[in-house]
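I am keeping these notes while I look through one structure, and I write down each thing as I look it up.

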Amino acid sequence: ALASVMEHCTYCGMSLARVGLDFRALLSPLFADAAANIFERAMDGAAADFERVVDQHRWTAMPSAASHAATAAAAAAAAAAA
């Protein structure tokens, strides 16, 4: 939608340039700010959604790699002794 509005404004500026009223150079900062605001709102929304999902998630403890290695070593020692 933003690109369409910028395109229409550019065409309007091009038409008015014929009579000396070319304002196209003024459009870039306006649309850059608008695009940055849209991006910032989208990122804020995504961060809020992510935080909500993380807060609602049921976290469970997972065994560490060290405890898993120790259990595997103990199992191997028991199998070797048998």
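I looked up Arg 24 and found that it forms a salt bridge with Asp 22, the closest N and O atoms being 2.9 Å apart. I counted a salt bridge where a side-chain nitrogen of Lys or Arg lies within 4 Å of a carboxyl oxygen of Asp or Glu. My search of the whole structure gave 1 salt bridge. Arg 24 is partly exposed at a relative accessible area of 30%, and Asp 22 is also partly exposed, at 43%; here buried means under 20% relative accessible area, exposed means over 50%, and partly exposed is in between, with a 1.4 Å probe and protein chains only.

I note that this is a predicted model, in which local features need pLDDT of at least 70 and side-chain atom pairs count only at pLDDT 80 or more, while totals for chains, interfaces and linings use all residues. Residues are numbered from 1 along each chain as its sequence is written, and side-chain values use heavy atoms, with hydrogens and water left out.

Next I turned to the cysteines: how many disulfides does the rule give? The count is 0 disulfides, a disulfide being a pair of cysteine sulfur atoms within 2.5 Å. Cys 9 is in no disulfide, since the nearest cysteine sulfur, that of Cys 12, is 6.9 Å away, which is too far for a bond. Cys 9 is partly exposed at 25% relative accessibility, and Cys 12 is partly exposed at 37%.

I then looked at the surface, where Leu 16, Val 19 and Leu 21 form a nonpolar patch with about 270 Å² of accessible area together. Such a patch takes residues with over 30% relative accessible area and no salt bridge, and joins nonpolar side chains (Val, Leu, Ile, Met, Phe, Trp, Tyr) within 5 Å, or like charges within 9 Å; the areas come from the Shrake-Rupley method with a 1.4 Å probe, and for residues only the protein chains shown count as cover. Val 19 itself is exposed, with a relative accessible area of 64%.

Met 14 sits in helix α1 (residues 2-17), and its C-alpha atom is separated by 52 Å from that of Asp 55, 41 residues apart along the chain. The C-alpha atoms of the chain fill a box of roughly 100 × 25 × 15 Å along the principal axes, and 4% of the 82 residues count as buried.

Key
Helix = DSSP H or I, 4+ residues; strand = E, 2+ residues; numbered from the N terminus.
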